[in-house]
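Subject: Structure handover and findings

Hello,

Here is the structure for your files. Please open it alongside this note, which goes through what was found.

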Amino acid sequence: QYSLIIAFCGFFLYFNDFGVMSAVIRKISQSKEDESELVSKAMTLKILFSILAVILPIFFMAVLGYPQELFPLIFIYSLTLIPSSITALFNGVFQAKLSNQYGILSEIVLSAMYLFLLAILIYLKMGFFFILLAFLFSTIAALLTSWFFVRKRLKIRLKPYPHCRFGLPRVKSRGAIITGIRGSKPLLTYY
């Protein structure tokens with residue numbers, strides 16, 4: 001089950017980022033623009049994309065007729081994508097600012113907490129569901145660690161784009177890919 005869940009959710013990892021993190025890291029390292037504004041908007045996008053990455057595996061499992069007992073496991077594992085995505089964004093900010101020790105610390109917190117919880121769960125002979133919950137709690141702890149250090153440097157808050165409805169770009173084509181960020185606005189390539 002573990003391999004199936006990871007592999008199935010892995011198909012939808014692309015929806016978790018859409019190139020936002022690469023664009024933010026490049027923009028932060030190249031210029032001295034309002035980093036708080038840039039990271040706030042990127043975080044809003046990453047949360048929206050992560051929610052999409054949570055919904056899609058469950059939808060496709062239902063459409064493809066997978067057993068119902070896998071749905072809660074897929075849901076919990078895919079929920080870890082939200083804190084992981086935001087933690088990766090914050091760690092990218094640390095890399096762009098040459099403060100890698102904070103990103104490394106959040107990874108240490110993730111690994112240490114997961115190993116600690118995993119040891120307890122194995123000792124108590126708990127099931128796979130609880131192992132996935134332990135991973136979810138560990139990713140949340142890593143997010144809180146990154147948040148603690150990034151909030152000392154930046155004032156980050158969720159905010160939608162002023163030129164967008166519900167924070168998503170208005171597109172009159174089949175689709176768009178974020179290819180960069182100019183100022184505090186994403187550059188979109190339409191297809």
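Start with α1: I5, F8 and C9 are buried there. Seen down the axis of α1, these buried residues fall within an arc of 95 degrees, so they line one face of the helix. Their cover includes α3, α4 and α7.

Some ground rules. This is a predicted model, where local features need pLDDT of at least 70 and side-chain atom pairs count only at pLDDT 80 or more, while totals for chains, interfaces and linings use all residues. Residues are numbered from 1 along each chain as its sequence is written, and side-chain values use heavy atoms, with hydrogens and water left out.

The terms used so far are these. Buried means under 20% relative accessible area, exposed over 50%, and partly exposed in between (1.4 Å probe, protein chains only). Helices (H or I, at least four residues) and strands (E, at least two) are DSSP runs, numbered from the N terminus. The arc is that of the directions from the helix axis to the C-beta atoms.

The whole chain

The chain has seven helices and two strands. Along the sequence, the pattern reads α-α-α-α-α-α-α-β-β. Of the 191 residues in the chain, 43% are buried. Take the contacts (heavy atoms within 4.5 Å) with a separation of 6 or more: residues 24 or more positions apart account for 72% of them.

In α4, the buried residues are F71, L73, I74, I76, Y77 and S78. Their cover includes α1 (2-10), α3, α5 and α7.

How do α4 and α7 pack? The angle is about 15 degrees, with the axes 8 Å apart. That makes α4 roughly parallel to α7. Axes are lines fitted to C-alpha atoms, for helices over the stretch in contact, and angles run from 0 to 180 degrees between N-to-C directions. Angles under 35 degrees count as roughly parallel, over 145 as roughly antiparallel, 65 to 115 as roughly perpendicular and the rest as oblique.

The crossing of α4 past α7 is left-handed. (Left-handed means that the near helix is turned anticlockwise from the far one by less than a right angle; right-handed means clockwise.) From α4, L73, I76, Y77 and L79 meet F128, F129, L132, L133, F135 and L136 of α7. By class, this contact of α4 with α7 has ten nonpolar, no polar and no charged residues. Here Ala, Val, Leu, Ile, Met, Phe, Trp, Tyr, Cys and Pro count as nonpolar, Asp, Glu, Lys and Arg as charged, and the others, Gly among them, as polar.

Y77 deserves a look. Y77 sits in helix α4 (residues 71-79). Its relative accessibility is 17%, so Y77 counts as buried. Leaving out residues up to four places away in sequence, Y77 touches I5, I6, C9, L132 and F135. Y77 and Y2 are 75 residues apart in sequence, yet 9.8 Å apart in space, C-alpha to C-alpha.

T80 lies in the loop between α4 and α5. Is T80 buried or exposed? At 2% relative accessibility, T80 is buried. Not counting residues up to four places away in sequence, T80 touches F135, L136 and T139.

P83 belongs to helix α5. P83 is also buried, with a relative accessible area of 6%. The C-alpha atoms of P83 and L144 are 8.9 Å apart, although 61 residues separate the two along the chain.

Helices α3 and α5

The axes of α3 (residues 35-64) and α5 (residues 81-96) come within 8 Å and cross at roughly 150 degrees. The two are therefore roughly antiparallel to each other. The crossing of α3 past α5 is right-handed. On the α3 side, the contact is made by V39, A42, M43, K46, I47, S50, I51, A53 and V54; on the α5 side, by L81, I82, S85, I86, L89, F90 and V93. By class, that gives 13 nonpolar, two polar and one charged residues.

One backbone point

K125 has a positive phi of about 55 degrees, although it is not a glycine. Most residues other than glycine have a negative phi. K125 is in the loop between α6 (100-123) and α7 (128-153). K125 is exposed, with a relative accessible area of 74%.

Best wishes
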